[in-house]
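Hello,

Here is the structure for you to open. Please keep it on screen while you read the notes below.

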Amino acid sequence: MPALNPPPDHEKLSAPEKDTPTFSPDNVSVIYVLGGPGAGKGTQCANLVRDYGFKHLSAGDLLRAEQDRPDSQFGNMIKEYIRDGKIVPMEVTVQLLENAMTEDINSGKEGQKSRFLIDGFPRKMDQALRFESAVCPSKFTLFFDCPEDVMQERLINRGKTSGRSDDNAESIKKRFRTFVETSMPVVDHFEKEGKVVKVSAVKGPDEIYEEVKGRMGERGFEMRK
């Protein structure tokens, strides 16, 4: 892929290095949501948004929106990375997430702590370390553990109606390989720190959510009515 010319300063997405995170974990709760493609992350995130007052940020959705933005300097690059099942450069993804968090916090209720579920992120160690140091340290990672054959069947069925370019057999295989090689080390890293909640994602969505609710309570998160 040809190198991109650097965009004008006012259009750059990558932020300068910072000594402290933008948001304090005392005021902002961040939970990473990881699992292989087709593990059911989006379904469970929707449940948590409804019952716990989280804002759901999907790294993939933010990237897809950015690639379709007419004046985006990064649109074509993001499109090629997604099509090839590769991980978009860290600086772009982290900045898009920080921008979305800032927008939500600025429009939120006065005095209420913000809660974010970041879906499909961090997918590499450099993303994890950058986000933790520059944006906000996470509370923990919610990891949906699911065998590859189950995920593949779900994705192929989803591809019949989703319209997503990466819901096809070739892209699915690339995404599985990318997840195992780059994202599982992130899960292992946080697990050593005691910051992983692992949930089996083989059962039906309702049964999975019952387990999720129990584990959330163990970590001090109560439902918001």
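Start with helix α7, residues 169-192. It has 24 residues and reaches 34 Å from its first C-alpha to its last. That is close to the 34 Å expected at 1.5 Å a residue, where the expected span is 1.5 Å times one less than the number of residues. Helices here are DSSP runs (H or I, at least four residues) and strands are too (E, at least two), numbered from the N terminus.

This is a predicted model: local features need pLDDT of at least 70, side-chain atom pairs count only at pLDDT 80 or more, and totals for chains, interfaces and linings use all residues. Residues are numbered from 1 along each chain as its sequence is written, and side-chain values use heavy atoms, without hydrogens and water.

Now look along α7. A kink of about 40° lies at S183, shortly before the proline P185. The bend is the angle between axes fitted to the seven residues ending there and the seven starting there. Just after α7, G194 takes a positive phi of about 70°.

Which residues of α7 are buried? They are S171, I172, R175, F176, T178, F179, S183, V186, V187 and F190. Buried means under 20% relative accessible area (1.4 Å probe, protein chains only). Their cover includes β1, α3 and β5.

Next, the cores. A nonpolar core is a set of buried Ala, Val, Leu, Ile, Met, Phe, Trp, Tyr and Cys residues joined through side-chain atoms within 4.5 Å. The largest has 26 residues, and V135 is among those touching the most other members. Helix α4 gives the largest share, five residues.

Best wishes

Terms used
Buried means under 20% relative accessible area, exposed over 50%, partly exposed in between (1.4 Å probe, protein chains only). Contact means heavy atoms within 4.5 Å.
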